[in-house]
Amino acid sequence: MLPRIGLGYDVHRFSEERKLILGGVEIPSNRGLLGHSDADVLLHAICDALLGAAALGDIGRHFPDTDEQYRGISSVELLKQVAHLVRSSGFEIGNIDSTLVLESPKIAPYVDRMVSCVSGAAGVACESVSIKATTSEKLGSIGRSEGCAAFAVALVVPRRKR
């Protein structure tokens with residue numbers, strides 16, 4: 001079996017009554033993202049990339065927003081469960097590369113903590129996790145600061161048989 005690549009994407013709108021959680025880290029902000037869980041778009045995109053690489057469907061299949069057990073759940077916990085599913089399917093996680101798209105707040109001061117959180121939850125070295133950010137140059141709903149999006153790719157490699 002060859003290595004596999006998966007792509008993940010997620011988007012959530014901003015809400016005044018929520019904390020902003022990105023990459024498992026609370027970011028000081030006057031608003032957060034709206035969703036059934038903690039609405040961490042970065043971790044949701046990473047989960048979908050990992051699930052896609054292992055051909056295991058998507059985050060909604062495994063953690064549906066119609067299931068009350070996932071209401072308010074930390075997406076760090078979801079990523080831990082996804083990493084377990086990937087490994088149970090005979091793969092190891094090679095690397096994760098991701099990009100957040102938002103106008104504000106700036107996330108550069110929090111990237112190292114996000115990388116540490118993602119690497120811990122996914123069970124990979126920090127050197128195997130990349131988190132970047134960009135704006136959409138004031139274009140579209142993200143540019144109008146109505147929400148935040150994230151893209152991620154992940155490489156999984158078949159586990160060697162002993």
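I started with helix 3, which lies across strand 5 (91–101) and strand 7 and runs at about 145° to strand 5. Helices (H or I, at least four residues) and strands (E, at least two) are DSSP runs numbered from the N terminus. Contact here means heavy atoms within 4.5 Å; axes are lines fitted to C-alpha atoms, for helices over the stretch in contact, with angles from 0 to 180 degrees between N-to-C directions.

Helix 4 packs on the sheet too, touching strand 5 and strand 6, and its direction makes about 140° with that of strand 6.

A note on the source: this is a predicted model, where local features need pLDDT of at least 70 and side-chain atom pairs pLDDT 80 or more, while totals for chains, interfaces and linings use all residues. Residues count from 1 along each chain as its sequence is written, and side-chain values use heavy atoms, without hydrogens and water.

Next I looked up the sheet: it is open, has five strands in the order 4-1-7-5-6, and its pairing is mixed. The edges are strand 4 (32–33) and strand 6 (129–134), each pairing on one side only. Two strands pair if DSSP finds at least two bridges between them; strand 1 (residues 4–15) and strand 7 (residues 147–158) are antiparallel over ten bridges. I found His-12 opposite Cys-148 in strand 7.

Last, I checked helix 1 (residues 41–53): twelve of its 13 residues are buried, meaning under 20% relative accessible area (1.4 Å probe, protein chains only). Among them are Val-41, His-44 and Asp-48. Ala-55 follows helix 1 and has a positive phi, near 55°.

Methods
Buried < 20%, exposed > 50% of the residue type's maximum accessible area, 1.4 Å probe, protein only.
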